[in-house]
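Reader: I would like a close look at a single part of this model, and then at what surrounds it in the description. Please keep to what can be computed from the atoms.

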Amino acid sequence: SVSVKDTAANIALNMADLATNVEKITNITQKGTAAPLTMTATQYASAGVTAALAKVQGNYSLSITGVAVADAKTTADGNGRIVGMTLTGSAADVVSNLADLNALGQKVTSITQSDSTTTAIALTRDQWLNQTPVLDKLVGGYKATVSGVTAAQASEIAADGHVSTVQISDSGANIQARLDDLQDLGAQISGIAQSDSDALTI
């Protein structure tokens, strides 16, 4: 049997070998300054890694890179030692998992949007108002379209530098009351849906 003692960086770097020989290892101890064991999502999912991590002594932590956005919640929920994850996924992946990403808080270190050059993050008004903090972790920033915006909210939301377009959904009376403001937004308005049948006076 073997007792392993090394830095967090070296333990993580040689995790595949440790996993292969896990039956021969009695324990693994970090030396030096404590730091998260950093590995890719592929490495973390490899055979034997869970068993090898179980041999690590003390209050260690994990940082996983390259986690698919869709797998972020499952990965984090599956191991309380995970303190950080870098994520990657499309705009659609980010939107579909937005609530979970926000709930993960500081465990999400960064997000790389795989289609950032071609696709904006398509959000509803409620998502924009309540679930955008995690979007600040998108590498290189982001562009968003926001739908279901009321006429009264349109100017404020459109003024955010991240927002490329807004889609308005409101009553005829509210649209009428804010018509000048909406006209000022010009091309930033992608469409206007009237929620009732009241006539508009132009």
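In which helix is Asp100 found?

Author: This is a predicted model, in which local features need pLDDT of at least 70 and side-chain atom pairs count only at pLDDT 80 or more, while totals for chains, interfaces and linings use all residues. Residues are numbered from 1 along each chain as its sequence is written, and side-chain values use heavy atoms, with hydrogens and water left out.

Asp100 is found in helix α7, residues 98–104. Helices (H or I, at least four residues) and strands (E, at least two) are DSSP runs, numbered from the N terminus. With a relative accessible area of 30%, Asp100 is partly exposed; buried means under 20%, exposed over 50%, and partly exposed in between (1.4 Å probe, protein chains only). Between Asp100 and Ala52 there are 48 residues in sequence and 29 Å in space, C-alpha to C-alpha.

Next, the salt bridges. The structure holds three of them, a salt bridge being a side-chain nitrogen of Lys or Arg within 4 Å of a carboxyl oxygen of Asp or Glu. One joins the side chains of Asp77 and Lys73 at 2.6 Å, N to O. Both residues lie in helix α5 (residues 72–78), four residues apart, about one turn of the helix. Lys73 is partly exposed, at 38% relative accessible area. Arg125 forms another with Asp126, where the closest N and O atoms are 3.7 Å apart; Arg125 is partly exposed at 25%, and Asp126 is partly exposed at 44%. Arg178 and Asp181 also meet through their side chains, at 3.7 Å, N to O. Arg178 has 34% relative accessibility and counts as partly exposed, as does Asp181 at 31%.

Finally, the sheet. Four strands form an open sheet in the order β7-β8-β9-β10, with parallel pairing; two strands pair if DSSP finds at least two bridges between them. The edge strands, each pairing on one side only, are β7 (121–124) and β10 (189–194). On average, neighbouring strands of this sheet are turned by 15° against each other, direction ignored. Such axes are lines fitted to C-alpha atoms, for helices over the stretch in contact, and angles run from 0 to 180 degrees between N-to-C directions. Strands β8 (residues 144–149) and β9 (residues 163–170) pair in the parallel sense over four bridges, and Val149 stands opposite Ile168 in β9. Helix α9 (residues 151–158) packs on the sheet and touches β8 and β9, its direction making about 175° with that of β9; contact means heavy atoms within 4.5 Å.
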